[in-house]
Amino acid sequence: MNKWKIPGLVILSTILLSACSVNSDADKLYKQPKPLSAHVMLPERIEPQSIRVVEVHVMQENKTVDDAESVQFKVWKKDDPAKVQIAKAHYNGGMYTAKATFKDDGVYYIKTDINARGEHILPTQQVAVGKLSKEDLRSLQPAKNETHNHHSHH
């Protein structure tokens, strides 16, 4: 009888362990993230010494997000990154808008800092203001309206 105990335990353990295998669809049982997207809209032409409205349309699953915790624009000139202008955006019927000042000719960066529904995204764009130097023209990157997702863990 003792000679069957060990093989019996091995067989019984194998059957019990195989019953505890992970379901391949287990990830679908957890809450799936629904990423935010943002489309930043800038004026086609910006003159130096001007104040312009910048807008962003925030979406999640092809629906407008109208309850963002915070939306702000950070604007700085390429050759003067220490001077960052921060403009808090307000929801205005489908868009978050704010005003930004563009003092001099040159390349500016506009980073939109969006916190909504547990997501945090920071799309950044370049914009040309006034007349550009040859160096500024070379540094211009093709227009992108990327959305960078950063899940908030705070």
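How many residues does α1 have, and how far does α1 reach from its first C-alpha to its last? Let's begin the tour there.

Before you click, note that this is a predicted model, in which local features need pLDDT of at least 70, side-chain atom pairs count only at pLDDT 80 or more, and totals for chains, interfaces and linings use all residues. Residues are numbered from 1 along each chain as its sequence is written, and side-chain values use heavy atoms, with hydrogens and water left out.

**Stop 1: the helix.** Select residues 5–19, which form helix α1. Helices here are DSSP runs of H or I with at least four residues, and strands are runs of E with at least two, numbered from the N terminus. α1 has 15 residues and reaches 21 Å, close to the 21 Å expected at 1.5 Å a residue; the expected span is 1.5 Å times one less than the number of residues. The count of buried residues in α1 is 0, where buried means under 20% relative accessible area, exposed over 50%, and partly exposed in between (1.4 Å probe, protein chains only).

Now pick Leu 9, Leu 12 and Leu 16, which make a nonpolar surface patch of about 300 Å². Leu 16 counts as exposed because its relative accessibility is 52%.

**Stop 2: the core.** Next, select Val 56, Tyr 96, Phe 102 and Ile 114, the residues that touch the most other members of the largest nonpolar core, which has 25 residues. Elements giving two or more residues to this core include β2 (50–60), β7 (96–102) and β8 (106–116). A nonpolar core is a set of buried Ala, Val, Leu, Ile, Met, Phe, Trp, Tyr and Cys residues joined through side-chain atoms within 4.5 Å.

Stop 3: Show β4 (70–77) and β5 (80–88). These strands run antiparallel, joined by 5 bridges; pairing takes at least two DSSP bridges. The hairpin leaves 2 residues between β4 and β5, and Lys 77 has Asp 80 as its bridge partner.

**Stop 4: two loop residues.** Most residues other than glycine have a negative phi. Gln 49, in the loop between β1 and β2, has a positive phi of about 60°. Glu 61, in the loop between β2 and β3, has a positive phi near 55°. Gln 49 counts as exposed because its relative accessibility is 65%, and Glu 61 because its value is 54%.

Terms used: Patch = residues over 30% accessible without salt bridge, like charges linked within 9 Å, V, L, I, M, F, W, Y side chains within 5 Å. Areas by Shrake-Rupley, 256 points an atom, 1.4 Å probe, with all protein chains shown as cover. Salt bridge = Lys/Arg side-chain N within 4 Å of Asp/Glu carboxyl O.
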